[in-house]
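Subject: Handing over the structure

Dear colleague,

I am passing a structure on to you, together with some notes on what was found in it. Please look through the sequence and the coordinates first, and then read on.

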Amino acid sequence: MSRTTQNFIGGESVAATGTGVIEVVNPATEQVIGTISDSNAADVDAAARAAHDALPGWAATTAQRRGELIDALADALERRGEAITALVTEQNGTPISFSKYASDIVPVSAYRYFAGLAREFEAEVGYPSADGTTTLVRREPIGVAALIVPWNGPLALLSWKLGPALAAGCTVVIKPAPETSLDMVYLAEAVTEAGIPPGVVNIVTGGQETGAALVAHPLVRKIAFTGSTAAGRAIGRVAGEAFKSVTLELGGKSAAILLEDADIEAFTANLLSFILPISGQVCYSQTRILAARSRYEEVIAALSKAIDQYSVGDPFDPNTAFGPVSSVRQYEKVTSYLRRGIEEGAVVAHGGLVEKATGYYVQPTVFRDVDNSMSIAREEIFGPVLVVIPFDTEDEAVTIANDSDYGLAGSVFTADAERGLALARRVETGTIGVNRYNVVHDAPFGGVKGSGVGRELGPDSLDAYVTVKSIFV
Ligand code: NAD
C-alpha cells in the first residue's frame with residue numbers, strides 16, 4: 001500500500017504548495033512504500049506563522065493544564081503504538097522490538113515524565129535582595145521552536161524536544177526526517193485527539209532545504225536539532241547569526257573501555273543495548289572498543305561469539321537483531337568504511353563485506369589491529385562496525401578515548417567500581433556508564449565537542465525552552 005502524508009498546520013491537514021515529492025523506501029525490500037511532500041519556504045512560513053499565532057494562548061495556559069494535555073498526548077499515542085511501531089519498522093528497517101521500544105514505549109513514558117515537569121513548573125519565583133527589595137524571576141517560553149529530528153529513533157528523539165517545549169509554553173514546528181515522516185499522520189491525530197489547541201504543534205515534511213528554511217525563519221526563536229555533526233554545524237552557524245537559542249544533539253564515536261579485570265561476558269551481553277543497537281545506527285553506540293592488551297584476543301573472540309548469537313534479517317521477525325541499514329545512502333557509506341578499514345591496515349576479525357542481495361543489509365563486523373588514527377576509529381560510521389584498539393595503561397586508555405572529535409557516550413568495564421568511576425570522570429563525554437550504560441528520562445543527555453551543545457532530558461529540560469526575565473519590584 002502506498003501511503004502519503006500531508007503537512008499539519010494550524011490543526012489542519014494541509015497540502016504542500018510546491019510540487020516536490022520525496023519517495024519513502026522500505027530498506028528491507030527496496031520498494032517504495034509512500035511519498036511525502038518536499039515542503040518549500042512558503043509551507044514553512046505558513047507553519048511558523050500558525051505557531052506564532054498560537055503562542056500567546058499557549059503561553060498563557062497554566063503549566064498545570066499544559067501538563068494535562070501532554071499526558072493526554074501520551075495516552076493518544078499509546079493507543080496508536082502498534083500502528084506506529086509497524087510503520088517505523090517499514091520505513092527505517094529497525095527491528096520491530098527496537099521500534100516498539102523507541103517509537104512507543106520511550107515516547108509515551110517521556111511525555112508522561114515531561115507532563116510531570118509541567119505540573120511542577122513555577123513560572124515566577126521571588127528572590128529577596130540584600131537591600132530589602134524583591135526580584136521576581138520569571139521563566140517565559142522562548143517562542144516558536146523548530147524541532148528537527150533524524151530517522152533512527154524518530155518518535156523518541158522528538159518526544160525529548162516536544163515534551164519540554166510544550167511544557168514550557170512554546171509552540172512548535174516539527175520537521176521530521178524524510179525517511180520517517182509517514183508516521184507523522186499518527187502524531188497529528190494524537191495531538192488533535194489530546195485537545196492540544198490548533199497551531200501549537202505544526203508539522204512540515206521535507207528534506208534538508210525544508211529544515212534550513214525553518215532554521216532561518218525569523219519567527220523561529222529556538223532550534224532543537226538531533227542529527228549529524230555536519231548539519232548541526234550548519235544550523236549552529238545560522239542560529240548564531242540571528243542569536244537563536246540552539247540545542248544540538250549530534251554524532252558520536254563513543255569508547256567502551258575494558259580494563260584488564262573487566263567481566264568481558266558482562267560487557268558483550270550489551271551488544272544490542274548500547275554496543276551495536278539497531279546495527280550501530282544509534283548516536284550512543286559504543287563502537288570504539290578499547291581493550292587492555294592482556295585481554296585483547298579474548299575481547300575479539302567474545303564480540304564475535306556475541307554477534308553470532310543474533311540473526312540478521314527481516315526487521316518484522318521478532319527474532320531479528322540486525323535489520324538492514326536505513327537507506328541506500330547509509331548502505332554505501334557503511335560499506336565504503338568496510339573497504340577503507342582494510343585499506344588502512346585493519347584486519348576483519350568477524351563479518352565483513354558480502355555480496356549485496358535485496359535490502360540494505362550489512363553483516364555486523366569486528367575490525368582488529370586498529371589504530372586510533374584510522375578513519376574507521378575516528379569517523380562516525382553509523383553502521384554495524386566495531387573497531388577494537390589495544391591499550392597498555394589506564395592513562396593510555398583515557399588518552400585514546402579522549403582523542404576523538406566526539407564526546408557523547410562511553411563506558412568503563414572493571415571489577416573495581418571505584419576505579420571505574422575515577423576513570424569515567426576523566427573521559428571527555430556527555431554521558432558514561434560504569435559496568436553499564438543506559439539513557440534515562442531523569443538524567444541529562446547530550447554531548448561535548450562535535451557531539452553537540454546543550455542537554456535534553458533530566459529535571460532541568462524545560463530550561464532549554466525558556467528565557468529568564470528579572471523584574472525588580
Ligand atoms: P542528518 O543530519 O542528515 O538529518 C537530520 C535531520 O536534519 C533531518 O530531518 C534532515 O532533513 C535535517 N537537516 C539536514 N541538514 C539540515 C540543515 N542544514 N538545516 C536544517 N535541517 C537539516 O542526520 P541523519 O542521517 O538523519 O541522522 C543520523 C545522525 O544523527 C547521526 O550522525 C547520529 O549520530 C545523529 N544522532 C544523534 C543523536 C543524539 O542524541 N546525539 C541521536 C540520534 C542520532
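The notes below go from the domains to their interface and then to the ligand.

Please keep in mind that this is a predicted model, in which local features need pLDDT of at least 70 and side-chain atom pairs count only at pLDDT 80 or more, while totals for chains, interfaces and linings use all residues. Residues are numbered from 1 along each chain as its sequence is written, and side-chain values use heavy atoms, with hydrogens and water left out.

The chain is assigned domain 1 (3-250 + 450-472) and domain 2 (255-440), with bounds that come from an automatic or database domain assignment. Their C-alpha centres are 31 Å apart, and 25 residues from domain 1 and 32 residues from domain 2 take part in the contact, where contact means heavy atoms within 4.5 Å. Between domain 1 and domain 2 an area of about 2,200 Å² is buried, with carbon and sulfur atoms giving 61% of it; buried area is the accessible area (1.4 Å probe) that two parts lose on being put together, summed over both. Of the area that domain 1 buries against domain 2, E30, P95 and W151 supply 23%, more than any other three residues.

The whole structure holds 27 salt bridges, each being a side-chain nitrogen of Lys or Arg within 4 Å of a carboxyl oxygen of Asp or Glu, and two salt bridges are found across the interface of domain 1 and domain 2. A salt bridge also joins the side chains of K356 and E30, at 2.5 Å from N to O.

As for the ligand, 30 residues lie around it, of which V149, K175, S228, L250 and E380 come nearest, a residue being near if one of its heavy atoms lies within 4 Å. A backbone N or O atom of V149 is 2.9 Å from a ligand oxygen atom. In the side chain of S228, an N or O atom lies 2.6 Å from an oxygen atom of the ligand, and for the side chain of E380 the corresponding distance is 2.5 Å.

Best regards

Key:
Polar contact = N/O pair within 3.5 Å; in protein donor to acceptor, adjacent residues only side chain to side chain.
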